[in-house]
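Open the model in your viewer and keep the selection panel at hand.

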Amino acid sequence: MASTRALALTRALARPRLAARARASERARARAWSIATHGPWNTKPLMMTEELYAYVLGKTRESEALRALREETSALRGARMQVAPEQGALLGLLVELVDARRVVEIGTYTGYSSICMASAMRAGGVVYACDKSEESFAVARRYWDEAGVRDRVIEKNGDAKASVVELIEEHGENSFDFGFIDADKRAYMEYYEALLKLVRPGGLIVVDNVLWYGKVADQAIDDKQTVAIREFNAFVASDARVSYSMVPIGDGLSVCRKR
Ligand SMILES: C[S@@+](CC[C@H](N)C(=O)[O-])C[C@H]1O[C@@H](n2cnc3c(N)ncnc32)[C@H](O)[C@@H]1O
């Protein structure tokens, strides 16, 4: 009788421990499944809904000049080439973080990103704005005036590759603090190599459209621009000359720091 009671008592005491063990092994099973399915990190990306994007825009600083430029540009051909406001804010912040005095922009269009960068510089800083479209420069000039940064921008009108070669000849290698690549996608590799010469160690090279409207991840798409960006991204991802992060903001910005 006594031993039956002792057995019952032992079982009663063991029950919570068994339950805890069962719960722990259930958690371990769930975690193993999650790792097998998704990887051990949080790989479920946050989906950018219309509501969430409106929220982001609502928390993005944008000057009156930039807002007006965005509105005017939205009616122009190629309007979607312009960087998004939250990308512009990040560009400005990065320029400020490296205290850039000399910036080169490859692909200026109507001037949105150049204004973001020029506004973030100290007096005396210069953005060399490279583009081959006089029509776009005509719009940009008005807004450089409106934003009060006209004296910080030097226009380089013509093929951007030639413009960067000129800048290297004029100022020397390692003489710039920051480069922004946002022109012809098929020439990204050439722009990148040229900027690796022009930008100093510790300086940044930032590249737009690295997600290319999502096409980079769709292997069924093999047009020349998509393939070029895909190859460029693969190259940068393993380029030991830079530290780098691919930031999924707007159409994707790769931020590279020259080592
Ligand atoms: C994506 S847009 C630049 C957008 C700009 N960064 C902005 O935020 O508004 C690309 C620009 O690159 C210019 N472009 C394309 N190929 C070029 C080249 N080979 N040389 C110079 N400019 C070029 C186009 O004229 C166009 O204005």
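Two residues are in contact if their C-beta atoms, placed from the backbone, lie within 7 Å. This is a predicted model: local features need pLDDT of at least 70, side-chain atom pairs count only at pLDDT 80 or more, and totals for chains, interfaces and linings use all residues. Numbering starts from 1 along each chain, as its sequence is written.

Start with the whole chain. It has 9 helices and 7 strands, taken as DSSP runs (helices H or I, at least four residues; strands E, at least two) and numbered from the N terminus. Of its 259 residues, 34% are buried. Buried means 20 or more other C-beta atoms within 10 Å of a residue's own; exposed means 12 or fewer; partly exposed lies in between. Among contacts between residues at least 6 apart in sequence, 72% join residues at least 24 apart.

Next, select α3, residues 64–74. Ala65, Leu66, Leu69 and Thr73 are its buried residues. Seen down the helix axis, they fall within an arc of 95°, so they line one face of α3. The arc is that of the directions from the axis to the C-beta atoms. Turn to the other side: Glu64, Arg67, Glu71 and Ser74 are exposed.

What covers the buried face?
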